[in-house]
Amino acid sequence: MTFSRITGTGSYLPAKVLTNKDLESMVDTSDEWIFTRSGIRERHIAASDELASDLALHASRRAIEAAGLQPSDIGLIVLATTTPDMIFPSTACLLQSKLGIHGCPAFDVQAVCTGFVYALATADMYVKAGHCKHALVVGTEVFSRILDWKDRGTCVLFGDGAGAVVLSSSDTPGVLAARLHADGAHTGILSVPGTVCDGRVEGSPFVSMDGSAVFKLAVRVLGEVADEVLPAAGLAKSQVDWLIPHQANIRIIEAAAKKLGLGMDKVVATVDRHGNTSAASIPLALDVAVRDGRIRAGHHVLLEGVGGGFTWGAVALRW
Ligand SMILES: CC(C)(COP(=O)(O)OP(=O)(O)OC[C@H]1O[C@@H](n2cnc3c(N)ncnc32)[C@H](O)[C@@H]1OP(=O)(O)O)[C@@H](O)C(=O)NCCC(=O)NCCS
């Protein structure tokens with residue numbers, strides 16, 4: 001039987017750091033309000049000439065190198081983004097070209113902040129079915145482009161970045177189980193409602209959010225999907241070595257850990273330094289914990305995503 005396993009991780013953060021202090025001079029807010037409500041201290045912001053595919057390229061090269069591979073070894077690209085370079089071609093195709101490779105299937109997944117979990121679960125099926133030996137799975141966002149920098153309710157929460165993994169076929173299991181969900185009935189609580197029509201944007205091109213409704217729904221569905229994916233993976237809650245939830249808000253992360261009975265010492269949290277980087281947040285946090293040596297061979301890692309759509313999902317891994 002063929003399994004799939006993550007063989008390399010990589011990430012990239014744009015050089016510019018925007019602190020809560022910086023935001024104090026942009027909108028009516030304070031470092032204290034932002035930190036107490038969200039756990040965020042700072043976030044990275046892409047340069048005006050940096051696109052989602054550029055961030056993805058840096059993260060992908062690092063993941064491919066960590067896997068001991070060349071770009072030409074990649075047989076599939078699945079890329080999650082909410083902030084694509086253009087309407088089409090897909091950012092996955094643009095990344096493929098920047099990597100200098102040709103011919104392998106490449107497509108985008110749009111599940112907002114759950115995007116990386118959707119992309120990983122999708123690539124897992126391709127690899128397990130024998131369609132490719134090495135898949136590149138990417139989450140990349142320039143979320144700063146879709147923020148209204150006059151709206152203090154949203155602009156303080158998000159940031160830019162990219163994370164990537166190489167998922168390879170293996171004789172031993174890495175991805176143990178994945179579960180994905182969506183409920184389009186909740187579109188109204190988190191969206192960018194604008195669309196391009198007749199050469200102009202119709203409707204708002206900025207993030208619109210009912211923060212309190214999103215908070216409650218996120219906590220509930222993260223608990224539910226953990227209860228679903230862990231038995232499917234044959235794991236008890238106590239066997240989870242590392243929880244890596246979507247990095248939206250430290251209070252949501254703490255609630256997710258509490259539902260699993262895990263202390264915060266078992267949680268990878270980067271929200272303080274990255275903010276909410278949407279589809280990039282989980283692979284960014286994963287790469288940090290792999291590179292600093294927290295995640296080691298044999299560890300059980302639970303990835304949990306939640307976001308616009310509404311979408312949510314989880315992947316359980318053995319490292
Ligand atoms: C947005 C969020 C941080 C707000 O926190 P909260 O504890 O619900 O905030 P509260 O309702 O207690 O406070 C809201 C008040 O703060 C004000 N406020 C909003 N943004 C502010 C800011 N950046 N600085 C200062 N005050 C702010 C509001 O105007 C409101 O004031 P009012 O009570 O006078 O009307 C929280 O709801 C949240 O994190 N939601 C989830 C968001 C998320 O994760 N989205 C992405 C999911 S993928």
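By salt bridge I mean a side-chain nitrogen of Lys or Arg within 4 Å of a carboxyl oxygen of Asp or Glu. Helices here are DSSP runs of H or I, at least four residues, and strands are runs of E, at least two, numbered from the N terminus.

A word on the source. This is a predicted model, where local features need pLDDT of at least 70 and side-chain atom pairs count only at pLDDT 80 or more, while totals for chains, interfaces and linings use all residues. Residues are numbered from 1 along each chain as its sequence is written, and side-chain values use heavy atoms, with hydrogens and water left out.

The structure holds 12 salt bridges. One of them joins Arg 152 and Asp 28, at 3.7 Å, N to O. Arg 152 is in helix α6, Asp 28 in the loop between α1 (20-24) and α2, 124 residues apart.

Now the ligand. A polar side-chain atom of Thr 29 is 2.6 Å from a ligand nitrogen. For Arg 37, a polar side-chain atom lies 3.1 Å from a ligand oxygen. Arg 152 uses a polar backbone atom, 2.9 Å from a ligand nitrogen.

Notes. A polar contact is a pair of N or O atoms within 3.5 Å; within protein, one must be able to donate a hydrogen and the other to accept it, and residues adjacent in sequence count only if both atoms are side-chain atoms.
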